[in-house]
2 protein chains.
Amino acid sequence: MFGLQDIGQKVSREDFNRVATKLRTELLALQDELKSEDFPVILLFAGVAGAGKAEALDLINEWMDPRWLVTRAYGPPSDEEHERPSYWRFWRDLPPKGRIGLSVSSWYHQPIQDFVYEQTDKKEYTAALDRIVAFERTLADDGALILKFWMHMDKAAQKKHMKALERDKEQSWRISKQDWKHWKHNDQFEAAAEIAIRRTDAAKARWTIIEGADARYRALTILTTLRDSIVRHREARRARRKVVAEFDLATNAQREAELKTIEEISPALDKKTEAALGKNQKSRAKKSSVMVTAKGKLKPVTVLDKLDMSLSLSDENYEKALMAARAELGRLCRAVHFQGKSALILFEGPDAAGKGGAIRRLTGSMDARDYRVIPIASPTDEERAQHYLWRFWRYLPRAGRISIFDRSWYGRVLVERVEGFAQPDEWMRAYSEINEFEEQLSSHGIVVIKFWIHISKDEQYRRFKEREKISYKAWKLTPEDWRNRAKWDDYGNAVHEMIERTSTPSARWTVVEGNDKKYARIKVMRTVCAALQAELGRDGRGAGRKK
Amino acid sequence: MFGLQDIGQKVSREDFNRVATKLRTELLALQDELKSEDFPVILLFAGVAGAGKAEALDLINEWMDPRWLVTRAYGPPSDEEHERPSYWRFWRDLPPKGRIGLSVSSWYHQPIQDFVYEQTDKKEYTAALDRIVAFERTLADDGALILKFWMHMDKAAQKKHMKALERDKEQSWRISKQDWKHWKHNDQFEAAAEIAIRRTDAAKARWTIIEGADARYRALTILTTLRDSIVRHREARRARRKVVAEFDLATNAQREAELKTIEEISPALDKKTEAALGKNQKSRAKKSSVMVTAKGKLKPVTVLDKLDMSLSLSDENYEKALMAARAELGRLCRAVHFQGKSALILFEGPDAAGKGGAIRRLTGSMDARDYRVIPIASPTDEERAQHYLWRFWRYLPRAGRISIFDRSWYGRVLVERVEGFAQPDEWMRAYSEINEFEEQLSSHGIVVIKFWIHISKDEQYRRFKEREKISYKAWKLTPEDWRNRAKWDDYGNAVHEMIERTSTPSARWTVVEGNDKKYARIKVMRTVCAALQAELGRDGRGAGRKK
């Protein structure tokens, strides 16, 4: 693979100077236009020592406006990084839309090193590479332009170059014992590199292999590739935006039409609801099957229809169970703290399902230093300028801590899907993105616990009415809530698909029958206890992450 | 001081319920209105174990909308926190404008503990408290509403309460051996608390002492204080905004008038400049003294007028010096890395002074993993929603790293002052805020190196003209640059005052004669080398921060 490169590419100083000025001017203009585009550019440089990775960073920082560049190189992780999945630091450093990110080796460094020095076998190596593929695909699908440059230099040339650097008093520090050690492993390194490049060379994240010997040749190749790729990518994005815009026009019109009819009929529906409130829910819960809606549409049965919404607890049993659960939870959370484990608990559910109440029952038995509740409101502009998962990576728990999300990344396949905020291709691929994300959490040793707290449409109606009455609850009730309610069935289907596609061995969904708050709260607490207990049973795991 | 509190304040359940609903409704309404206000609310709870600190957090989280609350409690610092000044974590967690932040003990915890357990003497204790005063003043001056509650409980009551908690199966975990140890030191603790409260009880950050015994009494006191304080503070802020708005109207009008005249005369001035370019600068540099400007205004001599702007280096000497300095710098940076020291280097100067070039000469001899260049562009909205120093705290270097700021917090007393973006009271108090900030950096062991790279007005003119000619430099030249140039003297005076007021033993300014780029770059590199050398000389310091 690399053989082909060793044909001594060279660019004369004259040729270089002839094109440099024009190229530099074009790049600056592009960088300026990029600010208003809706995608980031991610440049990654990898390859052997002395092949010109650092020089590439310096050159781009000199030629372009550094205020719009994000340059990163990575040493060993800090303990805050060490206590989270290995990609946490890379997510933290992603360039926002409209900017260019530059980095050296980054997510390729560890997998290649581990394989070259036989810390991992072929199978583990390819697994690590597949994680990279998934990561880069996730970013590329969101619009990121990813350009990867492999700076190559054959063993002899590298030796010559490193010797030269060592002789140079002001450069010698660049060459360490480590580098010579690597150099001796050059063959294994090239082999590992070939596997990595082949496996991670995707249409949306292509590798460009550059012969390292001639600096001017390297510079021109990198910079022209950068220029042309940005131009091509921008055109493609614009074309796409045009299509999306038309699609939105159509669907918005349709959506408004639907909404109108919904608003016309919903009062009537809610009349029915009020009448129905007397009837026994249990019986209704049982006879659920494919139904025909008021508008004659076929409504498939969802996992939610199958729930026994009549489950409840007496005050007395509730008090007893609560006491026990709180003591147990307190004990387990302290164990989590001292063993350096961590957990992530998330809550989804219809408006007024009782998420907040359930969360407070949990935190009531935790030490305020050990947990953080993260209520998901609308994103800040720093968050909006990133992939939708970025803001959640931000809040992953450290070792010994618990993060509790009130709503979560599942908004992507719930509200964003139903309300059409996300394009179909966006929410459809979100399932695999989310599974990949949660897999990283659990394989890092974070216990992932997911709750869908459900209430029946009748119960929601009752609670809405109650909120209207109680002054300090009224704020919780917004017109949106009524609008969402009108789309009850659409949400039902979205939830069904979500649970179906994202209940994985590493992160199962727990559906909670929420019509009776007491029952729901106890079920939540016991589920959390069981999950923590199971994790604590597994000895050692996660403990490594604790200082 | 506490004696007064022990008079058994109690609130009956009936009274509580009578007022609760109304109070809760009012608080929710206030919280909602707060979102559009330009200040954060900072609530801090301190006091003995079991006096109800955690309960206060829980109560407020239950009564108000948690999406707009920022709740924090602190355990021991992580190493990323440990490697920065102790206030770094508190700055990170400050609530943005429009939100309410809740925290327990936070910046009071360590100073009080250290004093109670005789890790510090009275002098060190009061010094730590004065740092708190400065910190809270900085936030309050920026508009923050700071409310501090001391939850008090006398020794006997505390013992009774802790015993009760221990008997309670679901609460017993709240009481640790540590707490009993603290309890035994109750007298020292109360003494320390009295000193702390007296010394940190400022008009803009008042303490409210609350007897801990009765939960309902505590709740009502805290929540009514919160409600009334927000209302009062909001009114005060609104009144202030009105004044500021009027002030702005006036000054804007005046500013525009000035600008017009400036624009009329500046072409003429620049004609003169061009004519003058021939003359020997040295001679001009010498005869600087109080001058009368074209507009007949008196122009005081500044530190800048005293510079010998003719200083320069021959190409040959430059090459020699550069070689030496790069080797030296490379060596020192590696030492910094391995000894876990850290440095912060910042650059200010007129447009086209050559900051970027100087920075690249520095980074050229550093390992990309060891430094980060932070170019200061306009703040993001997360940054805009915080105190102006917040965004700089964000980028403090870890142990073993170097942060290089291209422009910095001095914008507050330069562009923001001259352009009137900051109110006079804001930029005037900025000097002490900045000194306090930099003092924290250096006392933590971070080497602070500050450069003002200066060029003469003639030289700037020459460089502007040159930029106009060179296509890939033209982007650097904006209309703003010409406008700033028109205010040359105002900037000169601002710079003079800045250097005068912020050149402290812990963070000296180095003024660099920048007309000759070669000379300036070498002076910068040598200054950095000398500063790092001096720090490395001091053995041990900072090393403690390295893992």
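Across all chains of this predicted model, a search of the whole structure finds 50 aromatic pairs, where rings of Phe, Tyr and Trp (its six-membered ring) pair if their centres lie within 6.5 Å, and planes under 30 degrees apart count as stacked, over 60 as edge-to-face and the rest as tilted. One of these joins A:Trp180 to A:Trp183 in an edge-to-face arrangement, at 5.5 Å centre to centre and with 80° between the planes. The two residues are three apart in helix α8 (residues 177-184) of chain A, so about one helical turn separates them; helices (H or I, at least four residues) and strands (E, at least two) are DSSP runs, numbered from the N terminus. Both A:Trp180 and A:Trp183 are buried, a term for under 20% relative accessible area, with exposed meaning over 50% and partly exposed in between (1.4 Å probe, protein chains only).

A further edge-to-face pair, A:Tyr410 with A:Trp509, has 4.8 Å between centres and 65° between planes. Here A:Tyr410 belongs to the loop between β10 (402-406) and α16 (415-418) of chain A, while A:Trp509 belongs to strand β12 (residues 509-513) of chain A, so the pair ties together parts that are 99 residues apart in sequence. A:Tyr410 is buried, with a relative accessible area of 0%, and A:Trp509 is buried too, at 9%.

The charged end of B:Arg84 sits over the ring of B:Trp88, 4.1 Å from its centre. B:Arg412 lies over the face of B:Tyr388, at 4.1 Å from the ring centre.

In the interface, 52 residues of chain A are in contact with 52 residues of chain B, contact meaning heavy atoms within 4.5 Å. The copies meet through the same surface, because 100% of the interface residues of chain A are also interface residues in chain B.

About 4,800 Å² is buried between chain A and chain B, with carbon and sulfur atoms giving 55%; this is the accessible area (1.4 Å probe) that two parts lose on being put together, summed over both. Four salt bridges are counted between the chains, each a side-chain nitrogen of Lys or Arg within 4 Å of a carboxyl oxygen of Asp or Glu. Among them is that of A:Arg92 and B:Glu80 (3.5 Å, N to O).

Residues are numbered from 1 along each chain as its sequence is written, and chains are lettered from A and ligands numbered from 1 in the order in which they are written. Local features need pLDDT of at least 70 and side-chain atom pairs count only at pLDDT 80 or more, whereas totals for chains, interfaces and linings use all residues, and side-chain values use heavy atoms, with hydrogens and water left out.

Key
Lys NZ or Arg CZ within 6 Å of the ring centre and 35° of its normal.
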